[in-house]
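Please keep the sequence and the 3D view at hand while reading.

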Amino acid sequence: MDKLTELRETIANHLAGVASECDAFAAIRTFTMCERSRGERAERVVIALKRTWESLQDERKSWPRDEQLQLLDRLVTRCIDDYYAPDPASDQDGGSRGFVR
């Protein structure tokens, strides 16, 4: 199963009350890191997330509109934060980036 499909299923499960928001965040991180490692631009990753969200119309029906928008905002924010987070695998200086020892 590809990472976008896994992300969609996890968000759907969260909307259904079967998965936690932390599970959705973990799926976003996995998807985002995979896309970033393939060289995909941040904008395209966010668009893929938003299209996935839009495909979940039936699953979102049970949520009040304002809660839907708040959740989407948190998911997009997490996606952007994850995309621009330092890559631990490329941290060659032991985490001291920007500091003089």
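## An aromatic pair

With a relative accessibility of 57%, Y84 counts as exposed, and this value, like the others in this report, is computed from a predicted model. Y83, by contrast, is buried, because its relative accessible area of 14% falls under the 20% cut-off.

When the whole structure is searched, one aromatic pair is found. That pair is formed by Y83 and Y84, whose ring centres lie 5.0 Å from each other and whose planes stand at 75 degrees, an edge-to-face arrangement.

## D82 in helix 5

D82 belongs to helix 5, which covers residues 65-84. D82 is buried, with a relative accessible area of 8%. Leaving aside residues up to four places away in sequence, D82 touches F25, I28, R29, T32, M33 and R36.

## Helix 2 against helix 3

Helix 2, made of residues 21-37, packs against helix 3, made of residues 42-54, at an angle of about 140 degrees and with the two axes 10 Å apart. The two helices are therefore oblique to each other, since an angle counts as roughly antiparallel only when it is over 145 degrees. Their crossing is right-handed.

On the side of helix 2 the contact is made by I28, F31, T32 and E35, while helix 3 contributes V45, A48 and L49. Sorted by class, the residues of this contact are five nonpolar, one polar and one charged.

Notes:
Residues numbered from 1 in each chain as written. Predicted model: local features only at pLDDT ≥ 70, side-chain atom pairs only at ≥ 80, totals over all residues. Heavy atoms only, no water. Axes fitted to C-alpha atoms, helices over the stretch in contact; angles between N-to-C directions. Helix = DSSP H or I, 4+ residues; strand = E, 2+ residues; numbered from the N terminus. Parallel < 35°, antiparallel > 145°, perpendicular 65-115°, else oblique. Left-handed = near helix turned anticlockwise from the far one by under 90°. Contact = heavy atoms within 4.5 Å. Nonpolar A, V, L, I, M, F, W, Y, C, P; charged D, E, K, R; others polar. Buried < 20%, exposed > 50% of the residue type's maximum accessible area, 1.4 Å probe, protein only. Phe/Tyr/Trp six-rings, centres within 6.5 Å; stacked < 30°, edge-to-face > 60°.
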